[in-house]
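Dear colleague,

Please find below the structure that I am handing over to you.

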Amino acid sequence: MIAEETLVQELQQEESRAKAFEVLVNTYKERLYWHIRRIVLDHDDTDDVLQNTFIKVYRNIEKFKGDSKLYSWMYRIATNESLTFLKQKSRKMGISDQELKDRMVENLQADVYFEGDEIQLKLQKALATLPDKQKLVFTMKYFQEMKYTDISEALDTSVGALKASYHLAVKKIETYLKEN
């Protein structure tokens, strides 16, 4: 695997950008896919958001200053693209954000790419009740097993705030699972 600093340098140089971008996509597409998938839930929507994420990365790589890890920067772009996508989708459908979340969870049962069982479906329903930030933090910590420092970098939030969000999310999920 190519060193991150080298990859960034190659991405920021016109003559090596195309080849370096191919390496970037091949290196990060699966992890970004699953991060986005846990937010938007639908496979086809995930593919669209992933493509938009990589387009944004390509167009803005010259602005990347290296203050964070490249992956954290891309994670932030993917997260923002996912949330924007969901807001636009609910607006186009003329429904609230919560109604969209509920519909997305219901559609999971019919999704051929969803491999979860009844417990996974129940967890997704519980996640749909959380505010976006709590859902993101829970997803990144629980499913992706990210460290708080990495989540902090990706979401540009303090570790203390993330721990509080995670704790609240866990409590809400526990309550939901007990009541449903």
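The C-alpha centres of domain 1 and domain 2 lie 19 Å apart. This is a predicted model, in which local features need pLDDT of at least 70 and side-chain atom pairs count only at pLDDT 80 or more, while totals for chains, interfaces and linings use all residues. Residues are numbered from 1 along each chain as its sequence is written, and side-chain values use heavy atoms, with hydrogens and water left out.

The chain is assigned domain 1 (1-115) and domain 2 (116-180); such bounds come from an automatic or database domain assignment. To the contact (heavy atoms within 4.5 Å), domain 1 gives 22 residues and domain 2 gives 22 residues.

Between them the two domains bury about 1,900 Å², with 55% of it on carbon and sulfur atoms. Buried area is the accessible area (1.4 Å probe) that two parts lose on being put together, summed over both.

Two salt bridges are counted between domain 1 and domain 2. A salt bridge here is a side-chain nitrogen of Lys or Arg within 4 Å of a carboxyl oxygen of Asp or Glu. K69 and D150 form a salt bridge, their closest N and O atoms being 3.2 Å apart.

On the side of domain 1 that touches domain 2, the elements giving two or more residues are α2 (17-40), α4 (70-93) and α5 (97-108). Of these, α4 gives the most, with six residues. Helices (H or I, at least four residues) are DSSP runs, numbered from the N terminus.

Yours sincerely
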